[in-house]
Amino acid sequence: MTLFDRVFSGNDAVYGLTEQAINAAIDQYGEDKAVSFPHTAYSLPCYYAVTGTKVTNLKDLKEALGVVKTLMTREKRLNDAFMSGVATALCAEFIEVLKYIDGATPYEEPLYGHLADAVIRELGVPLVTGDIPGVAVILGSAPTAEEGVALVKSYQAQGILVTLVGGICDQVAEAGMSTGANVRVIPLGKDVTSVIHVVSVALRAALIFGNITPGDAANLMKYTFERVPAFVNAFAPLDDVIVACGAGAIALGFPVITNETENIFRVPKSLIVQTDVSKFNATSLEARDIKIKITNIDIPVAFASAFEGEIIRRKEMQVEFDGSRVDCCELVQTKEMSEVEDHKIEVIGPDVDEMELGSKNSIAYVVEVAGKNMQSDFEPVIERKFHNYINCIEGVYHTGQRDMLRIRIGQAAFGAGFRLRHIGEVLYASVKNEFEAVVDKCQVKIYTDPEKCTDIRHNVAQVTFDKRDDRLKSLTDESVEVYYSCILCQAFSPSHVCVVTPERLGLCGAVSWLDAKATNELDPNGPCQIITKERPIDERIGEYEDVNEAVRKFSQGALEDVSLYSIIEKPMTSCGCFECICGIEPLSNGVCIANREYAGMTPIGMTFPELASMTGGGVQTPGFMGHGKHFIASKKFMKAEGGVGRIVWMPKELKETVAERLNVTAKELYDIDNFSDMIADETITTDPEELLAFLEEKGHPALSMEPMM
Ligand code: SF4
Ligand code: ZN
């Protein structure tokens, strides 16, 4: 049988199953029964992306199947095979969505099934920074569980996001490997159709970040081919259905690597036979042209970004350092060149093996740096990265910052020989690696002696933190000479530009003005460029001729002009990875804000994913704006429309996070005390009429502001 025949036969088989499943569902629930995946604004994202049609109920689904049938042409040209592959994928999506009918939750831990829109938005930044260099889709059962686990771990150690479909899910579970989005190993499901949940991620990335018009199949495939670094590893034996799915993957630009040798012909760069499973990793990276940044650090456990989200539970921990109970701190200090001996690491006080199992201890680590181009403004930028660096250590967990940090060292890491000096090695290597343009020399001092820690915390660190806070407070949009662009997200949102100012950080929440300044210093031709602000056009909305010129240039002409302070007039664009989205709520004359973590409804009548889908892809959408959490308390938040006083609703958790700073801003702007109490949340209402009544009762300032529309 030729490869074409296998694709067609697999496609026919899945089509038959899909037809049966849809008919059975109609018999059971009737044609009008609603169907959609949960936590997405795109209903059936793959079908929507390919055709531009949103399926809402079983009747639509049946019609959609008719559309799929038209893709299943049977002439024996390459395009027929690709389209049949796409048709197979769409059928898989139909079968999977039926599992969710009637509010069912078909997947149980550790299996994921469908992934929410919010998960894709979170992936935005690590994908553009190369922190996640690729996405592996592993399908079927490895020849042995050991080989399967080794393959998964090899990708994990490179930071690659691994998704699992079929027997491999059981193989990693049996081996006791911990899985989950937090460690970048996501078991999707055991049926082959669950592979659609990763395809759905790729296609939604195109809609969310790429501003691809739903239904524009040609550009959709171009986008996934050029910008989504995914590939497939399919274990033998391959049945026809898997072969058909593989054709779909190849149509999207994702190479398939397999150890199957029977009835397969090789397609250069697309369908590659590699009989040695231990070489799948190398073969895949080469086929998809993925480069891995290697940081060689001399420690006894793994170091990879995939471990960043790993959690060490109390019962798994050897010792912990807890700044909320005892004196701890982490600090970067700039020194003279002569004061720093490069790569010197000192541990002053007892090491982990001298501490009691399960005990709470003090720690203070001071990273002393020297360099011709070093500036004290970069100290907090470097220091904030410690959280990521230490978290990348397998079996070590870090939260918090400054003197409110906590570190746990797991028993497994301790057993492997991990000691405090290794934290020094990690900090040293990471700082030198990432900040080489400003740090010429670096040494690390790690104190665990409690008295020493108390002394450093109070007499050195807190003094430094206070000084830095004063500096931050003095940084306003007016007080600085220049702003910065950030175009990191152009990898996915080709025309998106963030203009980063002291009072308006990047919408991802990860790039402040100081960060952008440091990025520019580290790499003058990199993603952050200086933007002058010498030629104001309209101070009210924050529009400058120089900013417009920069935005035109960095968006390759896609964007004409932007304002810094308005949500209605020439608002800044969004890429897709924003922490929060705000949108106008007409009845109350204000805005509602939702954060990515919030799963519920808002008074606008849309959830976070739905609101988020209103903007993105580097396009201006007046009335909707993606932004960072920190921006909510800024005096520049919607300044043109009256400022933070426009905020009428936020999820409770978000409100609590920003309340303190927001209240200070509101006091200054409107002389209102405890402004956050006037803002409604989901525990108060998500209904616009009730919201209005609540605001009236509280005397909310938005009610007396000028109409926004
Ligand atoms: Fe992307 Fe803007 Fe964040 Fe830069 S600042 S990473 S462009 S969202
Ligand atoms: Zn982004």
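I began with H343, which sits in the loop between β8 and β9 (345-348). Helices (H or I, at least four residues) and strands (E, at least two) are DSSP runs, numbered from the N terminus. The model is predicted: local features need pLDDT of at least 70, side-chain atom pairs count only at pLDDT 80 or more, totals for chains, interfaces and linings use all residues, and side-chain values use heavy atoms, with hydrogens and water left out. Residues are numbered from 1 along each chain as its sequence is written, while chains are lettered from A and ligands numbered from 1 in the order in which they are written.

**Entry 1: backbone in loops**

I looked up phi for H343 and found a positive value near 65°, in a residue other than glycine. H343 is partly exposed, at 39% relative accessible area. My cut-offs: buried is under 20% relative accessible area, exposed over 50%, partly exposed in between (1.4 Å probe, protein chains only).

S43 also has a positive phi, about 55°, and is not a glycine. Its loop runs between α1 (3-29) and α2 (45-51). S43 is buried, with 8% relative accessible area.

Next I checked for cis peptide bonds. E109 to P110 is cis, omega near 5°. P110 belongs to the loop between α4 and α5. A236 and P237 are also joined by a cis bond, with omega about -5°. P237 is in the loop between β4 (230-234) and α10 (240-251). I noted these because most residues other than glycine have a negative phi, and most peptide bonds are trans.

**Entry 2: two helices**

I took α3 (residues 58-71) first. Its 14 residues reach 20 Å from first C-alpha to last, close to the 20 Å expected at 1.5 Å a residue. The expected span is 1.5 Å times one less than the number of residues. Which residues of α3 are buried? They are L58, L61, A64, L65 and V68. Seen down the axis of α3, these fall within an arc of 110°, so they line one face. The arc is taken over directions from the helix axis to the C-beta atoms. E63 and T70, on the other side of α3, are exposed.

Helix α4 (residues 78-99) has 22 residues, which should span 32 Å, and its end C-alpha atoms are 32 Å apart. I found α4 mostly covered, with 17 of its 22 residues buried.

S200 is in helix α8. S200 is buried at 3% relative accessible area. L90 is 110 residues from S200 along the chain, yet their C-alpha atoms are 9.9 Å apart.

V332 is in strand β8 (residues 328-334). V332 is buried, at 0% relative accessibility. E379 is 47 residues from V332 in sequence and 5.5 Å away, C-alpha to C-alpha.

**Entry 3: cavities**

How many cavities of 30 Å³ or more does the structure hold? It holds two. A cavity is a set of points, on a 1 Å grid over the protein atoms alone, where a 1.4 Å probe fits but cannot get out; lining residues have an atom within 4 Å of a point. Points are joined across faces, edges and corners, and a volume is the space filled by probe spheres set on them.

The largest cavity has a volume of about 60 Å³. Its lining includes L115, V135 and I186. α5 (117-129), β2 (161-165) and α8 (196-208) each supply at least two lining residues.

The second largest cavity has about 30 Å³. Among its lining residues are C498, R504, M572 and H627.

Definitions and conventions: On a 1 Å grid over the protein atoms alone, a cavity is a set of points where a 1.4 Å probe fits but cannot get out, and a pocket is an open set with protein on both sides within 12 Å along at least five of seven lines; lining residues have an atom within 4 Å of a point.
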